[in-house]
Amino acid sequence: MSVAGESGGRAQQLRRRAQEMEQAAERVTDPDERQRLKEKARRLTEQSEQERGMGGRDIDPML
C-alpha cells in the first residue's frame, strides 16, 4: 500500500473515532464528561485533517 493510501486510511479511521466520540458525548449526562468527549473528538478531527493533508506528500522530514 502507498503512503498516501495508508495516510488516507488512517485519516478515515480517525474521523470515524471522532464521530463515535461526538455520539458518546450526546448520550452522556455529566457535563464535564460531555465536554471531555467533545474535546477529544475535536482533537481527533484535527489529527485526521493533518493526516489527510500529508497523504500526497513525502513523509521524509529531511525534504
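Glu39 is partly exposed, with a relative accessible area of 26%. Glu39 forms a salt bridge with Arg43, and their closest N and O atoms are 3.8 Å apart. Both belong to a network of salt bridges that also takes in Arg42 and Glu46. The model is predicted. The protein has two helices and zero strands.

- Glu39 and Arg43 sit four residues apart in helix H2, so about one helical turn separates them.
- Arg43 counts as partly exposed, at 44% relative accessibility.
- Glu39 is also partly exposed, at 26%; the cut-offs for that class are 20% and 50%.
- The network of salt bridges links four residues: Glu39, Arg42, Arg43 and Glu46.
- The count of salt bridges comes to seven.

**Salt bridges between the helices**

- Arg10 and Glu51 meet through their side chains in a salt bridge, at 3.4 Å from N to O.
- This pair links distant parts of the chain, 41 residues apart. Arg10 lies in helix H1, which covers residues 3-27. Glu51 lies in helix H2, which covers residues 31-54.
- Arg10 counts as partly exposed, with 34% relative accessibility.
- Glu51 counts as buried, because its relative accessibility is 18% and the buried class is under 20%.
- Lys38 and Glu22 form another salt bridge through their side chains, at 3.7 Å from N to O.
- Lys38 is partly exposed, with a relative accessible area of 28%.
- Glu22 is partly exposed too, with a relative accessible area of 33%.

**Surroundings of Arg10**

- Arg10 is found in helix H1.
- Leaving out residues up to four places away in sequence, Arg10 touches Gln47 and Glu51.
- Glu51 is the salt-bridge partner of Arg10.
- Gln47 is 37 residues from Arg10 in sequence. In space, the two are 9.7 Å apart, C-alpha to C-alpha.

**Nonpolar core**

- The largest nonpolar core has eight residues. They are Leu14, Ala18, Met21, Ala24, Ala25, Leu37, Ala41 and Leu44.
- H1 and H2 each supply at least two residues of this core.
- H1 gives the most, with five residues.
- Ala18 is a member of the core. Apart from neighbours within four places in sequence, Ala18 is in contact with Ala41, Leu44 and Thr45.
- Of these contacts of Ala18, Ala41 and Leu44 are core members as well.

- Ser48 is found in helix H2.
- Ser48 is buried, with a relative accessible area of 1%; the buried class is under 20%.
- Not counting residues up to four places away in sequence, Ser48 touches Ala11, Leu14 and Arg15.
- Thr45 is found in helix H2.
- Thr45 counts as partly exposed, at 33% relative accessibility.
- Thr45 is in contact with Ala18.
- Thr45 and Ala11 are 34 residues apart in sequence. Their C-alpha atoms are 8.6 Å apart in space.

**Whole-protein totals**

- The protein has 63 residues, and 21% of them count as buried.
- Among contacts in the protein with a separation of 6 or more, 56% come from residues 24 or more positions apart.
- The accessible surface of the protein comes to about 4,800 Å². Carbon and sulfur atoms account for 47% of that surface.

How values were computed
Residues numbered from 1 in each chain as written. Predicted model: local features only at pLDDT ≥ 70, side-chain atom pairs only at ≥ 80, totals over all residues. Heavy atoms only, no water. Buried < 20%, exposed > 50% of the residue type's maximum accessible area, 1.4 Å probe, protein only. Contact = heavy atoms within 4.5 Å. Core = buried A, V, L, I, M, F, W, Y, C linked by side-chain atoms within 4.5 Å. Areas by Shrake-Rupley, 256 points an atom, 1.4 Å probe, with all protein chains shown as cover.
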